[in-house]
Amino acid sequence: MTAIKHALQRDIFTPNDERLLSIVNVCKAGKKKRNCFLCATVTTERPVQVNVVKVKKSDKGDFYKRQTAWALRDLAVVDAKDAVKESPEFDLHFDKVYKWVASSTVEKNTFISCIWKLNQRYLRKKIDFINVSSQLLEESVPSGENQSVAGGDEEAVDEYQELNAREEQDIEIMMEGCEYAISNAEAFAEKLSRELQVLDGANIQSIMASEKQVNILMKLLDEALKEVDQIELKLSSYEEMLQSVKEQMDQISESNHLIHLSNTNNVKLLSEIEFLVNHMDLAKGHIKALQEGDLTSSRGIEACTNAADALLQCMNVALRPGHDMLHAVKQQQQRFSDLREQFARRLASHLNSVFVQQGHDQSSTLAQHSAELTLPNHHPFHRDLLRYAKLMEWLKNTDYGKYEGLTKNYMDYISRLYEREIKDFFEVAKIKMTGTTREGKKFATLPRKESAVKQETESLHGSSGKLTGSTSSLNKLSVQSSGNRRSQSSSLLDMGNMSASDLDVADRTKFDKIFEQVLSELEPLCLAEQDFISKFFKLQQHQSSGTTTNEVEEMDGVAFSRSYPSGVPQTVSSEKDMIRQMMTKIFRCIEPELNNLIALGDKIDSFNSLYMLVKMSHHVWTAQNVDPASFLSTTLGNVLVTVKRNFDKCISNQMKQMDEVKISKKSKVGILPFVAEFEEFAALAESIFKNAERRGDLDKAYIKLIRAVFDSVEKVANESQKTPRDVVMMENFHHIFATLSRLKISCLEAEKKEAKQKYTDHLQSYVIYSLGQPLEKLNHFFEGVEARVAQGIREEEVSYQLAFNKQELRKVIKEYPGKEVKKGLDNLYKKVDKHLCEEENLLQVVWHSMQDEFIRQYKHFEGLIARCYPGSGITMEFTIQDILDYCSSIAQSH
């Protein structure tokens with residue numbers, strides 16, 4: 001095996017700069033045995049690479065060749081099959097599993113041991129050795145570049161080691177110094193031996209000479225030790241001398257520490273005293289202001305405000321740990337609490353008096369506005385109270401109970417005041433709408449039973465089939481004058497019959513101005529009061545960021561959020577909600593009064609709902625832009641719902657009345673009332689809704705109304721007995737088309753085209769039906785001619801037919817001289833005149849269409865004569881010019 005190893009090293013691995021460290025003779029398991037060698041090698045150059053090489057004998061000779069090489073780093077597992085029982089089989093796991101059978105167990109164990117040592121020395125990745133005896137796997141490998149791997153590796157190094165460059169250079173120098181080194185190796189060896197002996201002798205002499213120097217050195221060391229002992233003795237004496245000094249210095253240091261500690265404590269004590277004096281001392285002037293300050297003058301209010309702020313700062317000072325246990329601090333805190341309680345009680349009492357006094361003063365000014373449609377100005381009242389705004393904020397932060405009591409009292413006083421003012425204001429508005437005087441009459445606002453309301457509504461709207469709200473059909477409220485004044489609790493407004501001429505555009509414009517003035521007066525009143533509440537009661541008009549708990553109380557039926565000063569739970573609901581709740585309590589009468597006013601306007605004229613819808617929508621839109629959740633926005637939004645319902649009800653009533661309309665059987669129909677009233681409604685609506693926010697509501701109403709008008713016209717036309725259906729359809733759809741063309745309503749373009757088409761179709765139908773066959777016998781004659789031509793007889797041969805010869809044609813033509821034709825046309829004109837109404841003025845249009853139709857028939861007859869009776873010279877006894885003259889003279893005579 002050694003010879004094979006040397007041969008492999010020489011022939012295969014030395015040329016590749018590799019060293020062979022271990023070898024094992026193997027064959028593949030389970031196959032025909034063909035021996036080969038597995039070799040463990042390392043490269044001589046750095047970095048060192050470790051390989052497992054498969055070498056086999058060539059088939060053509062006795063030399064060996066390299067077949068396969070695997071890098072050791074690719075080896076994952078070495079499986080020895082059995083760690084106890086000796087077995088020549090083992091597996092190597094590279095990219096796949098290679099199964100081998102060694103020629104002997106010893107070679108297998110030696111090869112596995114070498115693999116394990118190479119793995120420990122050169123690889124970071126550790127290979128798994130399974131079923132391998134622990135004796136083969138050593139725990140550590142000696143380190144160092146000059147050491148060999150171990151075991152078989154050492155033997156390889158002993159057997160063969162190459163000289164390095166330095167060794168080769170030294171040998172060459174030695175051999176150059178001796179010329180016969182190569183020719184006479186023995187003489188060269190003897191010379192080297194002699195030189196070695198000389199060097200050994202020199203070395204011994206050097207050692208002997210150095211012994212004297214050692215003796216001298218030892219002597220010097222002894223002397224140095226003696227000097228050290230003397231120095232130690234002196235140091236000991238010095239230490240004893242300093243011991244007493246140390247004790248004295250310790251005493252001085254301890255004394256200085258006590259003095260420093262005392263000074264530090266004094267400084268801290270002074271700081272605490274200064275803190276308490278500076279932060280918990282209230283000036284005498286402030287105390288006097290809190291106890292006796294004048295709350296009626298501006299200077300006194302300012303002094304009380306400053307004193308209250310100073311007191312709040314003293315009470316809210318953040319005490320340091322232990323301060324609250326000092327008797328003086330407790331005493332001062334109690335004094336502050338007494339001052340706060342005393343001033344809060346005095347402030348609350350004064351503000352309650354101010355509320356009452358201001359309420360009485362404001363009530364005295366109501367008489368000035370009794371006959372005017374204006375609301376009293378509360379600006380002076382607000383201006384006087386805003387002087388106390390900072391004190392209210394102080395009260396809110398220090399004594400919430402009294403702050404809450406003031407809030408309730410203010411709402412009670414001011415709500416009663418506003419209720420009187422607003423009710424009188426709406427009373428004036430109702431009087432101006434109905435035209436009564438305050439001295440003689442008052443509009444009843446007391447609730448009535450449903451039957452009474454229904455009866456009154458019927459008397460207002462009338463029982464005719466025409467549209468409610470139009471100038472031609474509505475009744476108007478008339479107030480019966482009376483010299484005697486009646487009780488205020490009874491209804492003093494009599495609902496009488498009204499003439500159609502009393503209700504015109506001026507009345508509606510007057511209502512519109514009054515309604516707009518009502519809204520214009522209410523808006524600034526509510527906004528001013530809301531602004532005052534937020535400033536006076538220190539309620540921010542934005543969402544609060546508080547996240548703690550809250551208590552909710554009932555203030556006369558109104559939910560009211562309650563917050564607390566520091567140290568107690570804060571409000572969860574926003575201060576914005578609190579403002580809205582207060583506004584709802586103060587102005588609780590606005591919404592019902594507005595609803596009553598709206599109901600009155602709707603009873604006076606249902607078309608007033610159009611004005612109210614536009615005005616209310618605009619004011620709601622304005623209020624929502626300012627604050628969508630404010631009291632004003634919410635209230636106006638609720639009232640807008642009522643107005644929208646009245647508007648929808650107005651449209652529904654008009655559609656219902658269209659459906660229920662009845663026509664006289666003895667008189668001609670003409671323009672139907674609801675068609676004329678739709679024209680009035682559309683004209684009024686267009687003038688009202690110009691640039692309005694709720695245009696979409698009107699467009700939807702237009703669609704509903706116009707469809708109802710179309711259906712009702714169709715229905716009336718079908719039921720008409722006196723007037724032909726085509727006339728009813730023609731006149732009314734012409735009127736509708738004219739109305740829509742004049743008003744240019746964009747959402748009704750399709751209906752306008754439909755109305756025009758219906759008008760044109762029924763005009764043509766009426767003309768054809770009414771004109772009929774004015775030359776009846778002649779028409780029958782030519783119908784027979786056309787029938788013969790249709791049967792296949794040529795046109796020029798028709799004259800040979802016995803019934804249709806030239807004599808028969810002349811005989812029929814003689815029956816229609818010009819005089820008879822003119823008489824027939826005159827009767828037709830009278831008939832058409834009876835059918836058509838004067839309002840629409842379509843007589844000339846219809847007559848002109850009939851003239852054109854008659855001329856068309858005349859030309860048709862002439863054409864048949866020319867084609868069927870060519871060269872006969874037969875002509876009608878009247879010409880087209882005669883027809884034109886007849887029609888013109890008939891029209892002028894009538």
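**Entry 1: a charged patch**

I began with E176 and found its place in helix α4, which covers residues 165–176. I kept in mind that the model is predicted. Is E176 buried or exposed? E176 has a relative accessible area of 63%. I wrote down "exposed" because the cut-off for that word is over 50%.

**Entry 2: salt bridges**

How many salt bridges does the structure hold? I noted 27. I then looked up some of them one by one.

I took D91 and K81 to start. Their closest N and O atoms are 2.5 Å apart, and the two form a salt bridge. I placed D91 in strand β6, residues 89–93. K81 sits in the loop between β5 (77–79) and β6. The two residues are 10 apart, and the pair links distant parts of the chain. I checked the cover on each side. D91 has 3% relative accessibility and counts as buried. K81 has 33% and counts as partly exposed.

I moved on to K585 and D412. Their side chains meet in a salt bridge, at 3.2 Å from N to O. Where do the two partners lie? K585 is in helix α14 (residues 575–586), and D412 is in helix α11 (residues 400–434). The partners are 173 residues apart in sequence, so this pair ties those parts together. K585 counts as buried, at 2% relative accessibility. D412 is partly exposed, with a relative accessible area of 22%.

I stayed with helix α14 for D577 and R580. They form a salt bridge, and the closest N and O atoms are 2.6 Å apart. Both residues lie in helix α14, 3 residues apart, which is about one turn of the helix. I found D577 partly exposed, with a relative accessible area of 23%. R580 also counts as partly exposed, at 25% relative accessibility.

**Entry 3: aromatic rings**

I turned to the rings and noted a count of 27 aromatic pairs. A pair of aromatic rings is described by the distance of the centres and the angle of the planes. I wrote down both values for two pairs.

Y400 and Y403 form a tilted pair. I noted 5.3 Å centre to centre and 45° between the planes. Both tyrosines lie in helix α11, 3 residues apart, about one turn of the helix. I checked their cover: Y400 and Y403 are both buried.

F782 and F861 form a stacked pair. The centres are 5.1 Å apart, with 15° between the planes. Why does this pair tie together parts that are apart in sequence? F782 lies in helix α22 (residues 776–791) and F861 in helix α25 (residues 843–868), so the pair joins parts 79 residues apart. I noted that F782 is buried, and F861 is too.

Which residues form one aromatic cluster? I listed F355, F381, Y400, Y403, Y410, F532, F536 and F537. Y400 and Y403, the tilted pair, turn up again here.

How values were computed. Residues are numbered from 1 along each chain as its sequence is written. This is a predicted model: local features need pLDDT of at least 70, side-chain atom pairs count only at pLDDT 80 or more; totals for chains, interfaces and linings use all residues. Side-chain values use heavy atoms; hydrogens and water are left out. Helices (H or I, at least four residues) and strands (E, at least two) are DSSP runs, numbered from the N terminus. Buried means under 20% relative accessible area, exposed over 50%, partly exposed in between (1.4 Å probe, protein chains only). A salt bridge is a side-chain nitrogen of Lys or Arg within 4 Å of a carboxyl oxygen of Asp or Glu. Rings of Phe, Tyr and Trp (its six-membered ring) pair if their centres lie within 6.5 Å; planes under 30 degrees apart count as stacked, over 60 as edge-to-face and the rest as tilted.
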